[in-house]
Amino acid sequence: MVQILGPGYSRLTEIRALLLAAGLGTRLRPYTENLPKCLMPVSRRPLLEHWLCTLYRQNVSKVLVNTHHHAEVVQEFLTRKPFQGWVDEVYEQELLGTAGTLRNNWQYFADSTTLLIHSDNWCQCDFGNFLRYHMFERPAHTVMTMMTFDTAAPENCGIVKLDKKGVVTEFYEKPTHPVSNLANAAVYILEPEIIDALGCGPETVDFSTEIIPKYLGQIATWENCNIHRDIGVIDSLIDAQLDPTPENCWSIEDDWLVNYQRNSVVRKIGSMIL
């Protein structure tokens with residue numbers, strides 16, 4: 001368990017994480033007909049495993065993963081030994097949306113500082129620095145820290161406008177005429193008051209369009225200047241295979257991994273960079 005004391009804290013707070021992993025991966029078809037988007041390979045290991053490794057290195061105490069598309073495959077992956085007793089799974093018969101999943105499980109995160117992560121992003125950065133910024137350096141009046149990155153395709157992203165302290169003052173989701181190239185990376189650190197408001201508030205579906213606008217002026221930002229890719233499209237997924245391979249947290253070569261690396265999708269994607 002990690003406990004922290006940062007700006008605006010009156011007590012110690014636990015860190016938990018929600019990894020959004022239930023998406024259909026329609027832009028990756030036909031590959032997602034065989035394998036869910038969250039288990040697409042990067043350096044011959046599932047993207048979701050890379051995210052879990054990042055959180056493990058930061059001693060995040062509990063992780064919740066939502067499932068839907070190929071849920072049984074993700075569930076089998078999460079039963080592996082490194083994740084037992086630390087990672088929980090929640091199945092959605094119908095997709096609840098990026099805010100809906102958080103709202104539906106708000107009691108899991110109550111009284112915790114919460115990481116909300118779109119796990120179809122390939123993200124490599126100093127994640128510990130991201131957490132430290134939120135804990136100790138963000139403006140005192142802010143209740144959320146949004147990771148940002150510089151994008152070459154701002155029309156496909158959520159674009160932010162910041163004040164001199166790096167606080168979000170305006171937000172444009174997939175704008176026709178972008179005001180900048182600074183984009184929302186869909187990785188957030190949320191204070192408990194946001195979780196409480198979600199749990200007690202009206203039904204919500206989308207975090208970007210329904211939650212972020214309510215907190216303009218209270219959202220700090222931290223820029224990832226290293227690697228950030230949306231692997232929801234095949235070209236970006238292939239590009240990710242050429243990025244430096246991060247150190248693996250777990251050296252277990254179990255039956256699941258052996259079968260995974262024999263999967264036709266994993267082998268196909270691997271062959272594309274040879």
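L216 counts as partly exposed, because its relative accessibility is 32% and the class covers values between 20% and 50%. The model is predicted. L216 sits in the loop that links α7 (207-211) and β13 (219-223). Beyond its neighbours within four places in sequence, L216 is in contact with V168, T169, E170 and F171. E170 is 46 residues away from L216 along the chain, yet their C-alpha atoms are separated by 6.6 Å.

Strand β5 comes next. It spans residues 62-67, and six of its six residues are buried. In a regular strand, side chains alternate between the two faces of the sheet. Both faces of β5 are covered, as the table shows.

| Side of β5 | Buried residues |
|---|---|
| One side | K62, L64 and N66 |

Five bridges join β5 to β6 (residues 87-91), and the two strands run parallel. L64 has D88 as its bridge partner in β6.

Now the helix pair. Helix α1 covers residues 47-57 and helix α2 covers residues 71-78. They pack at an angle of about 40°, with their axes 11 Å apart. The two helices are therefore oblique to each other. Their crossing is right-handed. On the α1 side, the contact is made by L48, E49 and L52. On the α2 side, V74, F77 and L78 take part. Which classes do the residues of this contact divide into? Five are nonpolar, none is polar and one is charged.

Methods:
Residues are numbered from 1 along each chain as its sequence is written. This is a predicted model: local features need pLDDT of at least 70, side-chain atom pairs count only at pLDDT 80 or more; totals for chains, interfaces and linings use all residues. Side-chain values use heavy atoms; hydrogens and water are left out. Axes are lines fitted to C-alpha atoms, for helices over the stretch in contact, and angles run from 0 to 180 degrees between N-to-C directions. Helices (H or I, at least four residues) and strands (E, at least two) are DSSP runs, numbered from the N terminus. Angles under 35 degrees count as roughly parallel, over 145 as roughly antiparallel, 65 to 115 as roughly perpendicular and the rest as oblique. A crossing is left-handed if the near helix is turned anticlockwise from the far one by less than a right angle, and right-handed if clockwise. Contact means heavy atoms within 4.5 Å. Ala, Val, Leu, Ile, Met, Phe, Trp, Tyr, Cys and Pro count as nonpolar, Asp, Glu, Lys and Arg as charged, and the others, Gly among them, as polar. Buried means under 20% relative accessible area, exposed over 50%, partly exposed in between (1.4 Å probe, protein chains only). Two strands pair if DSSP finds at least two bridges between them.
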